[in-house]
Amino acid sequence: MNYRLSIRLEQLECATERLIQSAEALGERAHQSPGPGKWSAAQVVQHLLISETGINQYLEKKVLEAEGLQHAGLGHFLRSRVLRVLLRVPFLRFKAPTYLASKMPVSAPPLPQLRQQWASVRRRLEQLLNEYPEHLMRRAIFRHPRSGMLTIAQTLDFMVDHVLHHQKQLERIAKVVKL
């Protein structure tokens with residue numbers, strides 16, 4: 001695996017583990033919504049799992065279509081950086097893309113089941129990154145719904161920032177459900 005990708009994967013692993021542990025620390029309250037129309041901690045975990053599953057499937061498909069991928073330029077870099085900054089602003093919240101929100105079931109499965117599913121999805125990502133062709137490193141491979149096309153490294157950066165963004169959401173949920 002490319003060294004830059006392995007570092008990002010390690011960051012993603014650490015952020016994910018911390019997020020899951022935060023949800024598990026809530027015990028039974030992990031399935032309790034903090035308010036009407038708001039996700040429970042377990043639903044946040046499930047959202048991230050569904051998101052990562054979709055990203056994996058998209059990447060796997062695009063690797064097969066490698067010759068049609070465009071080279072990433074300055075515009076891709078700048079949009080990726082703006083996305084990273086916005087995900088780190090504490091008071092900004094984003095609605096999940098419609099197609100992703102439509103895949104969210106009303107209730108989330110137990111956290112051990114989500115942890116097991118996520119481990120399987122993560123191993124698929126790891127395998128994809130282990131086999132990722134070096135000549136595609138500077139090609140735009142993933143279409144983010146708001147920032148457009150990203151390289152594989154930018155995609156992993158987004159995934160880390162996405163988990164960290166939802167970590168803050170879990171902290172807000174924990175404050176409400178622990179009362």
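This is a predicted model: local features need pLDDT of at least 70, side-chain atom pairs count only at pLDDT 80 or more; totals for chains, interfaces and linings use all residues.

## Reading the model, feature by feature

Q: Now let me step back. How many helices and strands does the protein have?

A: There are 6 helices and 2 strands. Reading from the N terminus, the order is α-α-α-α-α-β-β-α.

Q: What does the radius of gyration say about the overall form?

A: The idea is to set the value beside what a compact globule of that length would have. For 179 residues that would be near 16 Å, and the protein has 16 Å, which agrees. The C-alpha trace spans about 50 × 30 × 30 Å along its principal axes. As for burial, 47% of the 179 residues count as buried.

Q: Where should I look for the core, and which residues touch the most other members?

A: The general idea: in soluble globular proteins, nonpolar side chains tend to be buried together. Here the largest nonpolar core has 46 residues, and Leu5, Leu59, Leu125, Leu129, Tyr132 and Ile152 touch the most other members. The elements that give two or more residues to this core are helix H1 (3-24), helix H2 (41-64), helix H3 (74-88), helix H5 (111-130) and helix H6 (152-177). H6 gives the most, with 11 residues.

Q: Can we zoom in on one of those? What does Leu59 touch?

A: Setting aside residues up to four places away in sequence, Leu59 touches Leu125, Leu128, Ile141, Phe142, Ile152 and Thr155. Two of the names there, Leu125 and Ile152, are also on the list of core residues that touch the most other members.

Q: How do I describe two helices that pack together?

A: Two packed helices are described by the angle between their axes and the distance between the axes. Take H1 and H5: their axes come within 12 Å and cross at roughly 175°. That makes H1 roughly antiparallel to H5. On the H1 side the contact includes Leu5, Leu9, Leu12 and Glu13, and on the H5 side Arg115, Trp118, Arg122 and Leu125 are among the residues involved. By class, the contact divides into 10 nonpolar, 2 polar and 7 charged residues.

Q: And at what angle do the axes of H2 and H6 cross?

A: They cross at roughly 170°, with the axes coming within 10 Å. So H2 is roughly antiparallel to H6 as well. Among the residues that meet are Val44, Leu48, Ile55 and Leu59 in H2, and Ile152, Phe158, Val163 and Leu170 in H6. This contact has 11 nonpolar, 6 polar and 1 charged residues.

Q: Back to single residues, then. Is Arg139 buried or exposed?

A: Arg139 has 14% relative accessibility, and the cut-off for buried is under 20%, so Arg139 counts as buried. Arg139 lies in the loop between H5 and E1. Leaving out residues up to four places away in sequence, Arg139 touches Ala66, Glu67, Leu69, Gln70, His71, Ala72, Leu150, Thr151 and Ile152. Ala66 is 73 residues from Arg139 in sequence, with 8.6 Å from C-alpha to C-alpha.

Q: What about the histidines: where does His76 lie, and what is His76 in contact with?

A: His76 lies in helix H3 and counts as buried at 9% relative accessibility. Beyond its neighbours within four places in sequence, His76 is in contact with Gln70, His71, Ala140, Met149 and Gln154. Ala140 is 64 residues from His76 in sequence, and the C-alpha atoms are 7.9 Å apart.

Q: One last stop: which strand holds His144?

A: His144 is in strand E1 (residues 142-144). With 6% relative accessibility, His144 counts as buried. Apart from neighbours within four places in sequence, His144 is in contact with Leu83, Leu150 and Phe158.

Terms used. Residues are numbered from 1 along each chain as its sequence is written. Side-chain values use heavy atoms; hydrogens and water are left out. A nonpolar core is a set of buried Ala, Val, Leu, Ile, Met, Phe, Trp, Tyr and Cys residues joined through side-chain atoms within 4.5 Å. Buried means under 20% relative accessible area, exposed over 50%, partly exposed in between (1.4 Å probe, protein chains only). Helices (H or I, at least four residues) and strands (E, at least two) are DSSP runs, numbered from the N terminus. Contact means heavy atoms within 4.5 Å. Axes are lines fitted to C-alpha atoms, for helices over the stretch in contact, and angles run from 0 to 180 degrees between N-to-C directions. Angles under 35 degrees count as roughly parallel, over 145 as roughly antiparallel, 65 to 115 as roughly perpendicular and the rest as oblique. Ala, Val, Leu, Ile, Met, Phe, Trp, Tyr, Cys and Pro count as nonpolar, Asp, Glu, Lys and Arg as charged, and the others, Gly among them, as polar. The radius of gyration is taken over C-alpha atoms; the globule rule is 2.2 Å times the number of residues to the power 0.38.
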